[in-house]
Amino acid sequence: MKYRYLVPTLLAGLAMTAAAHAQIKIGIITSNTGPVALIGIPQKNTIPLLPTHFGDQKVEYIAFDDGSDPTTTVTVLKKLITEDKVDAIIGPSSSPNAMAALDFVSQAKIPMLAPVGTIAIVLPMDDKRRWVFKTTQNDGLVANALIKHMVAHNVKTLGFIGTGDTFGETWHKVMTDLLAKTDIKIVANERFKRPDTSVTGQALRIISAKPDAVLVAAPGGPAVLPEATLVDMNYKGTIYQTHGAALNEFIKLGGKKVEGTILGGSVMLVPNDIPDSNPAKKVALKYIADYKKLNGSEPATFGGNMYDAGLLLEHAVPTALKAAKPGTVQFREALRDALENVKDLPGTQGIYNMTPADHSGFDERGVELITVKNGAWALAK
């Protein structure tokens, strides 16, 4: 496996190595710095665990840090497309950055495997989104699991606070649509920016609406701030989080303030509690062990999203190689078609069954209802 890591501030030619061109090139964009770093770092640390070969062909990974900035995402993406002439893209780390990349990958006809939360990157399916595949659970799948818990626990009113970007806005739309089928009403609707250090005003407005529960829709570290603020203000209702909060740092940063949180997450958070009959368990345990051996710590589920992208490519590339040679648009088209036909592939996050209409491919096996109990993840009751 050839592996180059390029830092965006050194775009004038400071590649760490002058790696020889491999027959298959995969561009990788992660956010190792900036507000999304808690997501991007485990993804970057997963790159050495990606497959060294696809079929009998060697792989060259060319990786960039976009600094959590969508503008930089576009800059490095253009380089990967026009200069490095990659066959596929893995990344970027966050929803706004992935949305910024959409036009460019579709115009270049390059498959992009996006390890991001928002369903908006793959739905509604159109000529642009047919080039994007998502290695996280769709928002609606996670939302359904949360709503089932709300209904079972007699929640009637819900406060909502999300990031003022694609992630938060998409989650609000998904919840609004799904809650219309229930008796639960959203009685407070707030937004905040990922770099914000205070959400006091938003929390006060939510508390004044007296909701039975609150849903925080934010990815990574920013998910902690609204919940901690509500707890500091003595809010006593249940607080729900999306799969964007599914990382160990969420517990470390939140401490006792996030005890009792309910969220929908993947097998990776509680692999030892999952039945052996779920084929994702074996994959998740192997990835966790390999990551820990390499990096000295357990990975966040966001790293698993990167690992699964490698598994999907490993599965699909041999089929594409039968149709065309790497470096050609015909190969990229064949790779897109092969990814779209992946069936029953276990990953760290669940079981992938892609279709022309579903470029995420998860079913209920891709979501576990999880809580924070005594400072650790546990299956929710």
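How many aromatic pairs does the structure hold? There are four of them in this predicted model. For one to look at, select Phe250 and Trp377: their rings are stacked, with 6.3 Å from centre to centre and 15° between the planes. Now colour by secondary structure and see what the pair bridges. Phe250 sits in helix 8 (residues 248-254) and Trp377 in strand 16 (residues 376-379), so to speak two distant parts of the chain, 127 residues apart.

Before going further, switch to confidence colouring. The chain has a mean pLDDT of 92, and 94% of its residues reach 70 or more. Residues 7-22 are another matter: here the pLDDT is below 50, although the stretch has 22 contacts in the model beyond near neighbours in sequence.

Next, pick helix 9 (residues 280-295) and helix 10 (residues 301-321). Their axes come within 11 Å and cross at roughly 115°, which makes helix 9 roughly perpendicular to helix 10. The crossing is right-handed. Show side chains where they meet: Val283, Lys286 and Tyr287 come from helix 9, while helix 10 brings Gly303, Gly304, Tyr307 and Leu311.

On the helix 1 side, select Pro42, Asn45 and Thr46; on the helix 9 side, Tyr287, Tyr291, Leu294 and Asn295. This contact has four nonpolar and three polar residues, and no charged ones.

Time for some backbone stops. Zoom in on Gly91 and Pro92: the peptide bond between them is cis, with omega near -10°. Pro92 lies in the loop between strand 5 (88-90) and helix 3 (95-108). Then jump to Leu123 and Pro124, also joined by a cis peptide bond, with omega about -5°. Pro124 is in the loop that runs between strand 6 (112-114) and strand 7 (132-134).

Last stop: Asn154, in the loop between helix 4 (139-152) and strand 8 (157-163). Check its phi, which is near 60°, a positive value in a residue other than glycine.

Note on methods: Residues are numbered from 1 along each chain as its sequence is written. This is a predicted model: local features need pLDDT of at least 70, side-chain atom pairs count only at pLDDT 80 or more; totals for chains, interfaces and linings use all residues. Side-chain values use heavy atoms; hydrogens and water are left out. Axes are lines fitted to C-alpha atoms, for helices over the stretch in contact, and angles run from 0 to 180 degrees between N-to-C directions. Helices (H or I, at least four residues) and strands (E, at least two) are DSSP runs, numbered from the N terminus. Angles under 35 degrees count as roughly parallel, over 145 as roughly antiparallel, 65 to 115 as roughly perpendicular and the rest as oblique. A crossing is left-handed if the near helix is turned anticlockwise from the far one by less than a right angle, and right-handed if clockwise. Contact means heavy atoms within 4.5 Å. pLDDT is the predictor's confidence in each residue, from 0 to 100. Rings of Phe, Tyr and Trp (its six-membered ring) pair if their centres lie within 6.5 Å; planes under 30 degrees apart count as stacked, over 60 as edge-to-face and the rest as tilted. Ala, Val, Leu, Ile, Met, Phe, Trp, Tyr, Cys and Pro count as nonpolar, Asp, Glu, Lys and Arg as charged, and the others, Gly among them, as polar.
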